[in-house]
Amino acid sequence: MDNNDILIRLRYAMEIKNKEMAEIFKLGGVDITVPEVIKVLTKSDEDDIENEDQIKCNNSMLDSFLNGFIIYKRGKQEPKPGQPNVQETPVNKGANVNNILLKKVKIALALTAEDMLDIFEEAGITVTKGELGALLRKEGHKNYKECGDKYARNFLKGLAIKYRG
């Protein structure tokens, strides 16, 4: 599942309009116009590798969108007095965006572990609390588990059922 597909599915699940998408990107630090948002949300054909009507969404662009989504849903977080302003570490090329997707959507929607398990259940997939914990761990942790496309796809499907249903 590519980053454009993730954005398309998340937009559908949360019923986000094109103008709101541009606003969320801006909150995440990416200046993008509504016509460009439409090009990002264009599905790519498997046969047509280079589609000039589509803007490819790279990992940092997706990460910026997810950061903007958190701000859009929960508001800008001001650093507490005495705490340094923590800079978000950029997503590296090899990072598994599916794990990042789960973590940041969990934060944006203020979901508990139980909520997330229910969302997976809605999509017809059973995830244990231990598996979910492993998916949400920091990469490099001994119990970290990479989130496959199946989990990410079903999580987005469950979100759509929960928020649109």
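Me: Helices are DSSP runs of H or I with at least four residues and strands are runs of E with at least two, both numbered from the N terminus. How many helices and strands are there in the protein?
Reply: The protein has eight helices and zero strands. Along the sequence this gives the pattern α-α-α-α-α-α-α-α.

Me: What kind of model is this, and how are residues numbered?
Reply: This is a predicted model, in which local features need pLDDT of at least 70 and side-chain atom pairs count only at pLDDT 80 or more, while totals for chains, interfaces and linings use all residues. Residues are numbered from 1 along each chain as its sequence is written, and side-chain values use heavy atoms, with hydrogens and water left out.

Me: What share of the protein is buried?
Reply: Of the 165 residues, 41% are buried, where buried means under 20% relative accessible area, exposed means over 50%, and partly exposed lies in between (1.4 Å probe, protein chains only). The accessible surface comes to about 9,900 Å², and carbon and sulfur atoms hold 49% of that surface; the areas are from the Shrake-Rupley method with a 1.4 Å probe, and for residues only the protein chains shown count as cover.

Me: And the contacts with a separation of 6 or more: what percentage joins residues 24 or more positions apart?
Reply: The figure is 68%, with contact meaning heavy atoms within 4.5 Å.

Me: Turning to H4, what is its span?
Reply: H4 has 16 residues and reaches 22 Å from its first C-alpha to its last, close to the 22 Å expected. The expected span is 1.5 Å times one less than the number of residues.

Me: Which residues of H4 are buried, and what do they pack against?
Reply: The buried residues include Met61, Ser64, Phe65 and Gly68. The buried residues of H4 pack against H1, H2 (18-27), H3 (34-40) and H5.

Me: How do H4 and H5 pack?
Reply: H4 (residues 59-74) and H5 (residues 97-108) pack at an angle of about 10°, with their axes 8 Å apart. Axes are lines fitted to C-alpha atoms, for helices over the stretch in contact, and angles run from 0 to 180 degrees between N-to-C directions. H4 is therefore roughly parallel to H5, as angles under 35 degrees count as roughly parallel, over 145 as roughly antiparallel, 65 to 115 as roughly perpendicular and the rest as oblique.

Me: What residues make up that contact?
Reply: The contact of H4 with H5 divides into 10 nonpolar, two polar and four charged residues. Ala, Val, Leu, Ile, Met, Phe, Trp, Tyr, Cys and Pro count as nonpolar, Asp, Glu, Lys and Arg as charged, and the others, Gly among them, as polar. Among those that meet are Leu62, Leu66 and Phe69 in H4 and Ile100, Leu101 and Val105 in H5.

Me: What follows H4?
Reply: Gly75 follows H4, and its phi is positive, near 90°.

Me: Which phi value does Glu15 have, and where is Glu15 found?
Reply: Phi of Glu15 is near 50°, a positive value in a residue other than glycine. Most residues other than glycine have a negative phi. Glu15 is found in the loop between H1 and H2, and it counts as partly exposed because its relative accessibility is 46%.
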